[in-house]
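Please read them with the structure open.

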Amino acid sequence: MGIYDYMNHFWFENENDPCSLSETSLYFYLLYEANRQHWVMPFKVSTQMLVARLNTSKQNVMKAREGLKKRGLIDLSKGEGRGKPALYTLHFSEVLSQSLSLMTTQQLPETLTSKLSQSLPLSNIKEDNNKKEVREEKKSPLPNSNNVLSLSELRVKLLNDSSWHHDLSSQLAQNGINLNAEAVRKELSGFFDMLEQKGCKGKEESDCRQYAFNWINYNHKNKNHGKESKCYGKAGSAEISANRPEDYNGIC
């Protein structure tokens with residue numbers, strides 16, 4: 001796994017169950033240290049250094065790392081003083097790895113693949129005296145491709161797209177999840193209920209379709225499917241007053 005895989009892992013987990021600011025800062029500093037120490041797990045990081053680098057208190061560091069451990073994002077072995085600092089291991093879920101791999105254009109539903117291919121720019125590369133000049137030819141964007149639709153508009157559009165339901169069902173079947181048309185609609189309805197509960201006001205259509213696919217796939221692979229998140233809606237740190245989408249202004 002590379003650093004971008006761990007970043008995608010974190011933000012996927014965060015989207016379903018927001019982390020506190022302290023947990024986020026700690027996780028990305030641990031990513032930096034893991035990369036600096038050549039990804040040898042576990043790796044050493046002293047708590048005193050974390051306090052200094054993150055400009056916070058020891059109490060916040062301890063709380064943040066316990067929060068990350070409970071989420072399954074890291075594992076740790078507590079230190080025994082200056083000579084023996086704490087040991088950290090970054091975890092990556094095999095289930096999520098499979099889900100993220102399906103985000104490639106080869107495995108996305110056909111309708112999403114078509115939209116992505118139409119929005120990508122072309123580039124021509126020429127070599128002259130060992131120097132490469134890159135020129136990108138920008139294509140006209142798809143109509144309304146960057147427009148954010150309201151959650152109610154997306155719900156109506158996606159729940160009535162029977163062609164996309166068929167593509168979605170086919171892709172899920174390749175991952176061992178067999179859903180008929182009625183079951184797909186039920187899952188999508190649950191997906192939009194989840195977004196509404198999280199306070200989401202709207203999304204780009206292509207982003208919403210991709211998120212719906214990965215959400216259904218992840219939930220069916222996750223043994224906690226159907227259970228309410230154990231820390232949803234609770235701040236992970238005393239100094240953080242907003243950790244849910246509805247605590248912020250604007251759309252999610």
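1. Axes here are lines fitted to C-alpha atoms, for helices over the stretch in contact, and the angles between N-to-C directions run from 0 to 180 degrees. Helices (H or I, at least four residues) and strands (E, at least two) are DSSP runs, numbered from the N terminus. On these terms, the axes of α2 and α4 come within 9 Å and cross at roughly 80 degrees. That makes α2 roughly perpendicular to α4, a label given to angles of 65 to 115 degrees, with those under 35 roughly parallel, those over 145 roughly antiparallel and the rest oblique.

2. This is a predicted model, in which local features need pLDDT of at least 70 and side-chain atom pairs count only at pLDDT 80 or more, while totals for chains, interfaces and linings use all residues. Residues are numbered from 1 along each chain as its sequence is written, and side-chain values use heavy atoms, with hydrogens and water left out.

3. On the α2 side, the contact between the two helices is made by Ser22, Glu23, Leu26 and Tyr27. On the α4 side, Asn60, Val61, Ala64, Arg65, Gly67, Leu68 and Arg71 take part. Contact means heavy atoms within 4.5 Å. By class, the contact of α2 with α4 has 5 nonpolar, 3 polar and 3 charged residues. In this scheme Ala, Val, Leu, Ile, Met, Phe, Trp, Tyr, Cys and Pro are nonpolar, Asp, Glu, Lys and Arg are charged, and the others, Gly among them, are polar.

4. Helix α4 covers residues 58–71, 14 residues in all. From its first C-alpha to its last, α4 reaches 20 Å, close to the 20 Å expected at 1.5 Å a residue; the expected span is 1.5 Å times one less than the number of residues.

5. Which residues of α4 are buried? They are Asn60, Val61, Ala64, Arg65, Gly67 and Leu68, where buried means under 20% relative accessible area, exposed over 50% and partly exposed in between (1.4 Å probe, protein chains only). Seen down the axis of α4, these buried residues fall within an arc of 155 degrees, so they line one face of the helix; the arc is that of the directions from the helix axis to the C-beta atoms. An α-helix has 3.6 residues a turn, so residues three or four places apart point the same way.

6. The buried residues of α4 pack against α2 (21–36), α3 (47–54), β2 (74–77) and β3 (86–90). On the face turned away from the buried side, α4 carries the exposed residues Lys58, Gln59 and Lys70.

7. Just after α4, glycine 72 takes a positive phi of about 85 degrees. Leucine 73 is in the loop between α4 and β2. Is leucine 73 buried or exposed? Leucine 73 counts as buried, because its relative accessibility is 0%. Not counting residues up to four places away in sequence, leucine 73 touches His9, Phe10, Glu13, Tyr27, Leu68, Thr89, Leu90 and His91. Leucine 73 and phenylalanine 92 are 19 residues apart in sequence, with 6.9 Å between their C-alpha atoms.

8. Histidine 38, in the loop between α2 and β1, has a positive phi of about 65 degrees although it is not a glycine. At 65% relative accessibility, histidine 38 counts as exposed. Tryptophan 39, also found in that loop, has a positive phi near 60 degrees, again in a residue other than glycine. Tryptophan 39 counts as partly exposed, at 26% relative accessibility.

9. Glutamate 33 and lysine 44 can be read as a pair. Glutamate 33 is in helix α2 and is buried, at 2% relative accessibility. Leaving out residues up to four places away in sequence, glutamate 33 touches Phe43, Lys44, Val45 and Met49. Lysine 44 is in strand β1 and is exposed, with a relative accessible area of 52%. With neighbours within four places set aside, lysine 44 is in contact with Glu33, Gln37, Pro85, Ala86 and Leu87. Lysine 44 and tyrosine 88 are 44 residues apart in sequence, and 6.4 Å apart in space, C-alpha to C-alpha.

10. For the chain as a whole, the secondary structure comes to 10 helices and 7 strands. Of its 252 residues, 34% count as buried. Residues 24 or more positions apart account for 63% of the contacts with a separation of 6 or more.
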